[in-house]
Amino acid sequence: MIQLQYNTPRPDWHQQVEEAGLIWHGAGSEPYWTEGQHLALSLQEAETLEDAATELHALCLEACDQIVRRDWFSRLAISDLVAAQVQTSWMARDFSIYGRFDLAWDGTGTPKLLEYNADTPTSLLEASVIQWDWLEAVAPQSDQLNSIHEALIERWKRIPENRMHFACSWENQEDRQTIAYLAETAEQAGKSVELMDMEEIGFSPAGRFTGLDEIPIEKLFKLYPWEWMAREPFFAEIGQERSRFIEPIWKMMLSNKAILPILWELNPGHPLLLPATFSKESLCAQGVSQWVEKPFLGREGAGIALMNRGRQTCAGGDGYQDNPRVFQKHANLFTAGRMHFVWGLWIVGDSCHGLSARGDTSPITGNLSRFFPHKIV
Amino acid sequence: MKRRSFRTYINPNGILRWSTLCILAALPGCSPTATDKDVAMAENQAQIEQLDREQAKLLNGEIDNNFYLPKLGYYHANAHDFFENPYGMEQDGQYYVDGRWQFAAVTEYEGGPTRPTPEALKKIELVLEDEQRAEQEAERAQNTNYSSYHGGSNLMMYWLIFGNRNTYTPGLGFQQASIRTGVWEQNLASQRSAVASYAAANPSYRSLVAQSRASGTSIHSASGASVRGGFGGSAHGSSAS
């Protein structure tokens, strides 16, 4: 049975996590990294989550195939111009590194898919390194669903290019450290790496994207959403350069909440999916009285509303009012200590390699929700 | 599910540790970018620092392995002479050592600095003589663009011959250089002053120099043929999901 347990904090944990790269372990007086509490799962429970993520990933890839075959891009509010690139990228199977599923599961029945952060997932460093260091120091006899680090290294080795650039919006420290960690794993895979601001990416007269040294970029990992890139000037220059970008543009099909009703439509009644539709009337017609409204491209809980028989019971942060919405049946989260927990399942390549958990007093996980380490007992 | 077989390893000299230090030190970036003026000043500063670093050794008549002097090349300490390629350079499966290519791999040179042979010193003096001639011609033509580094390079050659005057009898090039050293030292002092003033007035330049030293990379200018700024304009906070 899943439990929220207490443990003695490491006396020097601030220093430990900062030395490992986690320099945003709190916001003001609110902690982000939870040192003195953790989630304890059985091996069977961890494997239930792991298997669910691997199966969901396969379902998602099949859904991408259907979207492309049936030209369903308008259902995801993807314009024709962008759709052409997504389609080509999918047909070419442009290389992907990783993604994170968010699942709801209170320990009973089957886990349920809440969303797939397939394009720009963060909290990677804490999932891969920080919680593992915690486990070794606090509960060394226990296990953890966590082979993210070595899986990333192996994944980078599949790329033939030796020089890689990693870019994000430089003003955001969490994003910077996320690309720095990914670059660290690429470096350990033998790549030469450089970090840069998205704004520093150049486009040369020869038609190549360039680094600050004017040398053409061979591969670029960008922690920057494709939907933002699609409305920026350089998107018009993507053309033949498309396959140099990681995550690939086909991930736009999965990082969009519109994938949820499409998955349900393609796999009605699947035990890992929640009923989801493009209209609340359709959902209510299926006998659903509690649901969650989600903007297509919402991030970190913004724009989300929990509804009960048509009345809003809880809302996330402001934003995304102009986004189309999906309607998904409400699922019970694991709750303990007045906290609601969402499970993060990390896909590297095509299989699940890690588990993380975010907890909040609100049932909507937001950017200030706390990260909880876990152990398998 | 399998238990992880090894400890998650973060390289103490890797990119993540470097990024963490950059953020904690509030440095502007991990890939130093600079104006053309920054680049020029950084080059001057590096040359001044090299002169300061090497002066005592050169005045003692010694040179480190792979020390580079323009128009002479790289010093191979074992051979006590200058050659066109660096010691141990690899090309097409061969290695360059003491003026020859060989198939046997070269181990790192572990000896200390050595004194050049009289023949090598003669070559140095001939270059020094040519450089002074070019310098004087540039002065006559009032060519103010004549590189300041030539003064620094000439000083190093002069110091080296000076340090070996007990084993080598200097000729005309050295005698003329004895007269010119005052000019070169004056030029060096004014360059030093210009760099110090520029650094004092430009905190971003100081940060760039600090990053460059820590990372072992050179400062490069952001200017070039590429257009930049075509991505990144939509960012308002984190792209996290």
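Which three strands form an open sheet, and in what order? Select E10(A), E9(A) and E9(B): they form the sheet in the order E10(A)-E9(A)-E9(B), with antiparallel pairing.

**Before you click on**

This is a predicted model: local features need pLDDT of at least 70, side-chain atom pairs count only at pLDDT 80 or more, and totals for chains, interfaces and linings use all residues. Residues are numbered from 1 along each chain as its sequence is written, while chains are lettered from A and ligands numbered from 1 in the order in which they are written. Helices (H or I, at least four residues) and strands (E, at least two) are DSSP runs, numbered from the N terminus.

**Stop 1: the sheet**

Stay with the three strands. Strands pair if DSSP finds at least two bridges between them. Select E9(A) and residues 227-228 of chain B, which are E9(B). Two bridges join these strands, and they run antiparallel. Click A:Phe203: its bridge partner in E9(B) is B:Val227.

Now turn to E10(A). E9(A) and E10(A) also pair in the antiparallel sense, over two bridges. Click A:Gly202, and look opposite for A:Thr210 in E10(A). E10(A), residues 209-210, and E9(B) stand at the edges. Each has a single partner strand, so one side of each is left without a neighbour in the sheet. In general, strands of a sheet pair through backbone hydrogen bonds.

**Stop 2: where the chains touch**

Show both chains. Here 65 residues of chain A are in contact with 38 residues of chain B. Contact means that the C-beta atoms of two residues, placed from the backbone, lie within 7 Å. Among the elements giving two or more residues to chain A's side are H2(A) (43-70), H4(A) (124-138) and H6(A) (173-188). The largest share, 11 residues, comes from H6(A). Colour chain A's side by class: it has 27 nonpolar, 18 polar and 20 charged residues. Ala, Val, Leu, Ile, Met, Phe, Trp, Tyr, Cys and Pro count as nonpolar, Asp, Glu, Lys and Arg as charged, and the others, Gly among them, as polar.

**Stop 3: a helix pair across the chains**

Select H6(A) and H1(B), residues 15-24 of chain B. Their axes come within 7 Å and cross at roughly 155°. That makes H6(A) roughly antiparallel to H1(B). Axes are lines fitted to C-alpha atoms, for helices over the stretch in contact, and angles run from 0 to 180 degrees between N-to-C directions. Angles under 35 degrees count as roughly parallel, over 145 as roughly antiparallel, 65 to 115 as roughly perpendicular and the rest as oblique. Look for A:Tyr181 and A:Ala180, among the H6(A) residues that meet H1(B), and for B:Ile15 and B:Leu16, among those on the H1(B) side.

**Stop 4: a helix pair inside chain B**

Select H3(B), 118-140, and H5(B), 172-201. Their axes come within 8 Å and cross at roughly 50°. That makes H3(B) oblique to H5(B). The contact includes B:Leu126 and B:Leu128 of H3(B) and B:Phe174 of H5(B).

**Stop 5: two loop residues**

Click A:Glu214, in the loop between E10(A) and E11(A) (219-223). Its phi is near 75°, a positive value in a residue other than glycine. A:Glu214 counts as partly exposed, with 16 C-beta neighbours inside 10 Å.

Then click B:Asp92, in the loop between E5(B) (90-91) and E6(B) (94-97). Is B:Asp92 buried or exposed? B:Asp92 is exposed, with 5 other C-beta atoms within 10 Å. The cut-offs, with C-beta atoms placed from the backbone, are 20 or more others within 10 Å for buried, 12 or fewer for exposed, and in between for partly exposed.
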